[in-house]
Amino acid sequence: MTTTSTAPRHTVKPPAARRSFVERWLAMIFLAPTLLGMALFTFLPIIGSLVLAFFRWDIISAPQFVGFANFASLAQDPTVRVSFLNTIVFVVVAVILQLGIALSLASMLQARMPSWLRVFLRSTFFFPLVLSAASVSIFMRYMFNEQFGVVNWLLSLVGIPAVPWLTSPAASAAVVVLVYVWQNFGFSFLLFLGALTNIPKELHEAANLDGATGWKQFSNVTLPLISPTVLVASVMAIISALQVFDQPYVLTNGGPGDSTRTAVMVIFESAFQQLEFGEASAIGLVLTVLILAVTALQFRLSRRFVFYQ
Amino acid sequence: MSSQILHTGTKEHTGSTTGTPATGKPYRHRRLPAAGTVGRYTALAVAAALTLGPVLWTLSTSLRTPSESFNLPPSFLPINPDFTAYQEVFKQINVGLLVLNSALVTGLIALGQMASATLAGYAFARLDFRGKNAIFSLVLATMMVPVQVTIVPVFMLIRGMGLSDTLLALILPAIPTAFGTFLMRQYFLGLPNDFAEAAALDGAGPWRIFRSVYVPLAVPGMAIVGILAFNFHWNEFFRPLILTISEQNFTLPLGLVTLQGNLGTGSISVVLAGVILSMLPALVVFIFGQRTLREGLTAGASK
């Protein structure tokens with residue numbers, strides 16, 4: 001087969017130079033929709049954001065150059081400070097919960113069980129991902145209502161007095177985390193499930209022979225083997241948690257006080273409610289730098305604890 | 001189960017790992033997995049109940065009469081399902097228009113992404129041109145830019161183009177997709193080269209090879225891009241909140257939130273009926289495209 005096909009191929013093929021000329025043009029045409037779209041709706045806006053961050057502009061009057069004033073006022077604005085602090089606390093708690101729940105459920109599914117049950121559980125845990133964060137937040141808002149919510153009713157069954165879930169600062173922050181994790185743990189779960197299923201059985205059997213069971217086996221065999229996935233899952237979980245908006249917006253609208261106001265909510269409010277587009281751009285840039293820094297840091301740290309085969 | 005069989009092997013080289021006499025050890029090991037199994041099933045059952053419970057509560061409450069919707073204890077199984085809440089939703093918000101808007105926006109974005117990502121993915125995977133790797137890295141880098149950072153300039157751009165408060169304002173910026181391009185590139189890289197060579201032998205040019213050989217083969221990959229786009233944009237809230245102003249251009253998630261505003265005098269069941277209605281398309285996609293959706297979601301993570 002190889003001998004018959006290689007001989008004529010060289011004679012029939014169009015000359016390489018002509019072929020690559022046609023290909024180059026075709027490639028340009030093929031890339032045009034994506035690249036032009038990105039230039040217009042991503043790269044140009046990034047540059048726009050960079051420029052805008054140094055201006056004061058309310059759309060109506062002419063933009064006014066203010067240098068670093070927007071950044072300086074960010075550092076002093078208590079709402080901005082609180083919202084970034086809230087976002088960081090939210091990210092830490094939500095990501096730890098999300099990864100912890102996802103990893104434990106994924107490893108529990110590795111045990112022997114009927115396959116219909118495994119399929120059912122897998123679908124169940126992944127189901128909330130297909131719902132919209134806005135509608136999830138709407139029904140959760142009623143479940144966590146202080147007077148007629150089903151959560152407080154369930155708690156009353158075990159004698160716990162009604163909790164003001166959405167009207168006290170600490171409890172509302174907790175609700176935002178819970179609702180977010182409820183909806184998103186399925187994503188990390190799917191990643192872990194894939195990674196765990198790919199571990200060759202022999203490795204665990206070998207570890208068993210060496211006397212490693214339970215936690216020891218998990219920390220010395222399983223975890224190193226899935227560490228690349230743990231890294232990817234945590235990077236993705238952190239990046240998406242840093243951008244949380246829908247849940248706090250619908251559940252609490254940032255309140256009570258500023259207790260659930262996140263960085264993205266402040267971008268939204270300062271741009272589209274207070275018409276301070278320069279300030280909003282500046283906050284957006286700080287958030288981007290934060291995201292880039294976290295990602296870079298994680299990949300650096302990963303060299304120390306991630307094992308690639 | 002296999003652990004205690006294997007475990008006898010450890011005694012050979014390490015004597016006893018836990019220091020228990022040979023008589024007590026197998027006994028304990030036979031019982032431990034059993035206890036673990038009970039714990040595991042309990043944990044899984046609790047997790048499944050916590051995941052499905054809220055959705056079932058929403059469904060059951062939406063099927064109660066508005067006046068009963070506040071009742072506690074909540075009955076999880078409505079004995080006499082009542083659809084007045086659903087009728088009320090149709091009275092309060094223009095469900096037809098919201099669904100039409102959402103379907104139009106989501107459908108066109110999905111089609112646009114499938115087309116543009118297939119073209120770009122093919123170029124990156126199978127065509128030769130200068131600066132290919134650099135351009136591809138640039139495309140991938142856009143995945144790192146949060147939508148909130150570009151939203152203010154995008155909003156102004158849309159205004160400048162005279163598209164503010166139109167459905168096109170939601171559709172156009174969402175069509176170029178780094179993730180879709182990446183997925184399609186991976187997909188085309190996974191297809192064998194032999195077909196292209198055979199077609200070239202028959203005198204097909206690069207366009208014919210793409211159109212007649214690779215596009216038909218790429219349909220499953222395009223389906224992943226389409227389903228992911230559908231799921232994401234059907235549920236999208238942030239961009240529609242900013243880019244649409246008048247209610248006639250709202251998509252479903254926005255309409256639901258306004259429904260919630262009407263609640264003052266109404267009932268929970270009306271709002272929850274709206275929530276259930278908005279979930280139906282997502283549910284259909286979930287049931288029929290579960291595998292595709294799962295593969296698409298995890299494909300990006302394991303590059």
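Modeller: Before we start, a residue is called buried here when its relative accessible area is under 20%, and please keep in mind that this is a predicted model.

Colleague: Fine, so is A:Phe245 buried or exposed?

Modeller: With a relative accessible area of 3%, A:Phe245 is buried.

Colleague: And which ring does A:Phe245 pair with?

Modeller: Its partner is B:Phe238, in an edge-to-face arrangement with 4.7 Å centre to centre and 75° between the planes. A:Phe245 sits in the loop between α10 (214–242) and α11 (246–251) of chain A, while B:Phe238 belongs to helix α12 (residues 238–243) of chain B, so the pair joins two chains. B:Phe238 also counts as buried, at 6% relative accessibility.

Colleague: Which residues make up the aromatic cluster there?

Modeller: A:Phe245, A:Tyr249, A:Phe268, A:Phe272 and A:Phe277 from chain A form one cluster with B:Phe155, B:Phe237 and B:Phe238.

Colleague: Switching to the interface, how many residues does each chain put into the contact?

Modeller: Chain A contributes 92 residues and chain B 93 residues, and the area buried between them is about 8300 Å², with carbon and sulfur atoms giving 81% of that. On the chain A side, A:Phe30, A:Phe41 and A:Tyr142 lose the most area to chain B, together 9% of what that side buries.

Colleague: How many salt bridges and polar contacts, then?

Modeller: The count of salt bridges between chain A and chain B is 0, whereas 8 residue pairs are in polar contact across the interface, both residues being at pLDDT 80 or more.

Colleague: Which helix of chain A gives the most to that side?

Modeller: That is helix α2 (residues 16–52), with 22 residues, and the residues of the chain A side divide into 65 nonpolar, 19 polar and 8 charged.

Definitions and conventions:
Residues are numbered from 1 along each chain as its sequence is written. Chains are lettered from A and ligands numbered from 1 in the order in which they are written. This is a predicted model: local features need pLDDT of at least 70, side-chain atom pairs count only at pLDDT 80 or more; totals for chains, interfaces and linings use all residues. Side-chain values use heavy atoms; hydrogens and water are left out. Contact means heavy atoms within 4.5 Å. Buried area is the accessible area (1.4 Å probe) that two parts lose on being put together, summed over both. A salt bridge is a side-chain nitrogen of Lys or Arg within 4 Å of a carboxyl oxygen of Asp or Glu. A polar contact is a pair of N or O atoms within 3.5 Å; within protein, one must be able to donate a hydrogen and the other to accept it, and residues adjacent in sequence count only if both atoms are side-chain atoms. Helices (H or I, at least four residues) and strands (E, at least two) are DSSP runs, numbered from the N terminus. Ala, Val, Leu, Ile, Met, Phe, Trp, Tyr, Cys and Pro count as nonpolar, Asp, Glu, Lys and Arg as charged, and the others, Gly among them, as polar. Rings of Phe, Tyr and Trp (its six-membered ring) pair if their centres lie within 6.5 Å; planes under 30 degrees apart count as stacked, over 60 as edge-to-face and the rest as tilted. Buried means under 20% relative accessible area, exposed over 50%, partly exposed in between (1.4 Å probe, protein chains only).
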